Amino acid sequence: MTAQNMDELVALCKRRGFLYQSSELYGGLQGAYDFGPLGVELKNNLKAAWWSAMVHERDDIEGLDASILTHPAVLRYSGHEATFTDPLVDCRDCKKRSRADHIVDGKCPFCGSTSLTEPRPFNLMFKTTIGPVEDGAEFAYLRPETAQAIFTNFKNVVDSTSRQLPFGIAQVGKAFRNEITPRSFIFRVREFEQMELEFFVEPGRDEQWHHEWVQRRLDWWREQGVSSNHLSRYDVPEDERAHYSKATVDIMYQFPHGVEELEGVANRTDFDLGSHTKQQAELNIQAQVEANTDSTAKLAVQDRTTNQWIVPFVIEPSAGVERGVLAVLNDAYTNEVLEDGKSRIVLRLKPHLAPIKAAVIPLKRNHEGLVEKAQSVRIKLQRLGIGRIFFENSGNIGKSYRKHDEVGTPFCITVDFDTLDSDTVTIRDRDSMSQIRLACDELPAYLIDELQSKSSI
Ligand code: GAP
């Protein structure tokens, strides 16, 4: 049985240190969450899996890590200043604000009043002042998507890598949106991370590549342990699409609160590169006249065989890290009734995502010989570079197993009194709960093999 509702997941995340409400000590900051000791491992593992699939396993994608602070001109010419808005409605009675598309039957979702204002556009971008004088003249935006810096660095990357079409630029990083109504735990927040790929293709090949990327992204989510039954695709109709999109397919996921977007795969055409090129040309006209050059930054690729300049079309798979974390947690969460009638909660995370790969547990807490041996086993395994190996000195094996089931640790290794004589340990498998005894020498190879074979589908 998976999680019955969001509350079960939220409780587990808090209890075990995956996620905390941001600024909780001072009453909480709405729409912001902090990843705890296990959450940060899970999140980093998910991002690493994405980076590996995008940048390392392919040879047609480059990486980028651009600044969050963004020059206002970038977001003016990308169309975000004018169109990155949600329709906002005020309730005249309770004074709360809602998104107009969240109003049902003309009633305020908070108090039920029908005394609502007309919807007005509300821009979702956060601004911050630059420099020591807060007069508002010098400001920057916190980027609302990572994509724009990929477009503005397009020429830099092409010039320094000599890429030809098709090729992509990938980026993982923070994005900020002043959402009117953050909600559903980490599903809709004001500060989040995106894993975005801008894949540049020849115009005319865009539809084929769009189809290809939707399939690849669905496959990737399945490789992260997301069940096919919880995934679906939604062909976004024109009136719901972003201003730059010719076609968008949303990858939808059955979250505990309902079916909603996990990732968007958009065909952004040449909208962004075209728009920045045009603005560059206009801004540079004067400079060119003065310098008598033709140095306009052309956001285009020159085909080596035809010498033709091509402004590529862009296919953009864009996934939210928080929504990804929520999806893999939800799919992994299992409330199991055991043969003896007892139950256990187990996170059946794919091992490559598990925050802790193995826990090493001395049978008796603070027993000098056992603790020393357990620590030496832990250090040896930690040095394999397979992720976090945890020293669990609770002295209560049953309790340790329950804890590590709940946080998704694939293996528990127990160091007992036999270990001191025979240099063997027991390894317990999280999913089957079966145990085997193994020589300490064989542990590294066993763990590497098992983690790898259980991670692939
Ligand atoms: N560059 C394209 C873009 O930003 P988007 O559909 O607005 O497209 C992409 O966002 C993804 O970012 C979404 O599919 C979602 O996973 C994530 N995302 C967007 N807004 C979010 C929010 N307020 N909280 C958490 N994740 C969000």
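Arg323 has a polar side-chain atom 3.4 Å from a nitrogen atom of the ligand. Keep in mind that this is a predicted model.

| Residue | Ligand atom | Distance |
|---|---|---|
| Arg323 | nitrogen | 3.4 Å |

On its own, the ligand would expose 550 Å², and the protein buries 91% of that. As for where it is, the ligand sits in the largest pocket.

The shell around the ligand counts 21 residues, and those coming nearest are Glu145, Arg177, Val189, Glu196 and Glu261. Sorted by class, the shell holds 10 charged, seven nonpolar and four polar residues. Which strands each supply at least two residues of that shell? They are β11 (191–201), β14 (258–269) and β17 (313–320). The largest share, five residues, comes from β14.

Searching the whole structure turns up one cavity of 30 Å³ or more. The largest cavity holds about 30 Å³ of space. Its lining is made up of Pro351, Pro410, Phe411, Asp429, Arg430, Asp431 and Lys454. By class, that lining has four charged and three nonpolar residues, with no polar ones.

Note on methods: Residues are numbered from 1 along each chain as its sequence is written. This is a predicted model: local features need pLDDT of at least 70, side-chain atom pairs count only at pLDDT 80 or more; totals for chains, interfaces and linings use all residues. Side-chain values use heavy atoms; hydrogens and water are left out. On a 1 Å grid over the protein atoms alone, a cavity is a set of points where a 1.4 Å probe fits but cannot get out, and a pocket is an open set with protein on both sides within 12 Å along at least five of seven lines; lining residues have an atom within 4 Å of a point. Grid points are joined across faces, edges and corners, and a volume is the space filled by probe spheres set on the points. Ala, Val, Leu, Ile, Met, Phe, Trp, Tyr, Cys and Pro count as nonpolar, Asp, Glu, Lys and Arg as charged, and the others, Gly among them, as polar. A residue is near a molecule or strand if one of its heavy atoms lies within 4 Å of it. A polar contact is a pair of N or O atoms within 3.5 Å; within protein, one must be able to donate a hydrogen and the other to accept it, and residues adjacent in sequence count only if both atoms are side-chain atoms. Accessible areas come from the Shrake-Rupley method with a 1.4 Å probe; for residues, only the protein chains shown count as cover. A molecule sits in a cavity or pocket if more than half of its atoms lie within 2 Å of its grid points. Helices (H or I, at least four residues) and strands (E, at least two) are DSSP runs, numbered from the N terminus.
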